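Welcome! Please take a look at the sequence and structure below, and then read on for a short tour.

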Amino acid sequence: MSSPAVSTSVNDAHVLSDSRPDVQPPPLRFGLRQLTLADVPTLALHSAEAYWEGPVNRLIAPHAAKYRSDFVRNFHQAIRKRLFNPRSLSLVAYEASDPTFPVGYAQFTRLGDDEGARAYLSKHSIWDSIWFFVFAWYFSIYDKVENSIWPDRSSDVETAEAFSASMVGDQKTYWTSHPERRNRWHVQSVVISPAYQGKGLGRMLVTEAVNRAQHERVIMGLSASPAGEFLYRKLGFELLGEFTMRIGGEEGGGIMIRYPEGQNR
């Protein structure tokens, strides 16, 4: 089976850990490859570290320090679920000296039913499609059983539900209520290991999807942290609107959109 990758619960909230737009990705020291199932445990740890001091984590996962394994498990399940979505593009960044060890990742979803979306889905062989279905089904059952036996103790249930509801509201306000925005690439998650932040890896990962969207002449959408907004503006994104639920009192960030260059609004 070929890899189910390429060419926002708290887990779906977007995090951009590289907020230095002036840093260009070093072309020789780092590279990109497809995300594999073997990468998921390492990436879940990177995600937990990246979110650890964030305002979202402090609000909806106040017991993360006491129940760290539960906190990490949430990311593990979310990354894996997106990996086996046939519409997903899942990439990892690695250091050239060790391609097997991922230092960051990004997951994007190709939404809609236009020619570009159909072409992306058609790249998967029949066997790939079968494996997508089998793995997605298997891990869906596995996660339900695991969560039933070992409930998440790191989160505040009521706050997490309120946060999830706000994300659903944002989705409806900015995307589903606008049919003209249906066909798009959407950034689901971008996370860089804290040890590798500030090296241009966030930009390097997002640029891969930007190039695809530009080639297909479709928009891109995402939810940006205040720090991430700086980088995204450098890549051609603009602010579409505010979050329904703003956390931490920080200014900046929100729902962002990127139009293909040369396209009339």
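## Around Glu216

Setting aside neighbours within four places in sequence, Glu216 makes contact (heavy atoms within 4.5 Å) with Arg110, Gly116 and Trp185. The side chains of Glu216 and Arg110 are joined by a polar contact of 2.7 Å; such a contact is a pair of N or O atoms within 3.5 Å, where within protein one must be able to donate a hydrogen and the other to accept it, and residues adjacent in sequence count only if both atoms are side-chain atoms.

Glu216 belongs to helix α7 (residues 201–216). Helices (H or I, at least four residues) and strands (E, at least two) are DSSP runs, numbered from the N terminus.

## About the model

This is a predicted model, in which local features need pLDDT of at least 70 and side-chain atom pairs count only at pLDDT 80 or more, while totals for chains, interfaces and linings use all residues. Residues are numbered from 1 along each chain as its sequence is written, and side-chain values use heavy atoms, with hydrogens and water left out.

## The sheet

Seven strands make an open sheet with mixed pairing, in the order β1-β2-β3-β4-β5-β7-β6; two strands pair if DSSP finds at least two bridges between them. At the edges stand β1 (30–34) and β6 (238–241), each with a single partner strand, so one side of each has no neighbour in the sheet.

β1 and β2 (residues 88–95) run antiparallel and are joined by five bridges. Here Arg33 stands opposite Val92 in β2.
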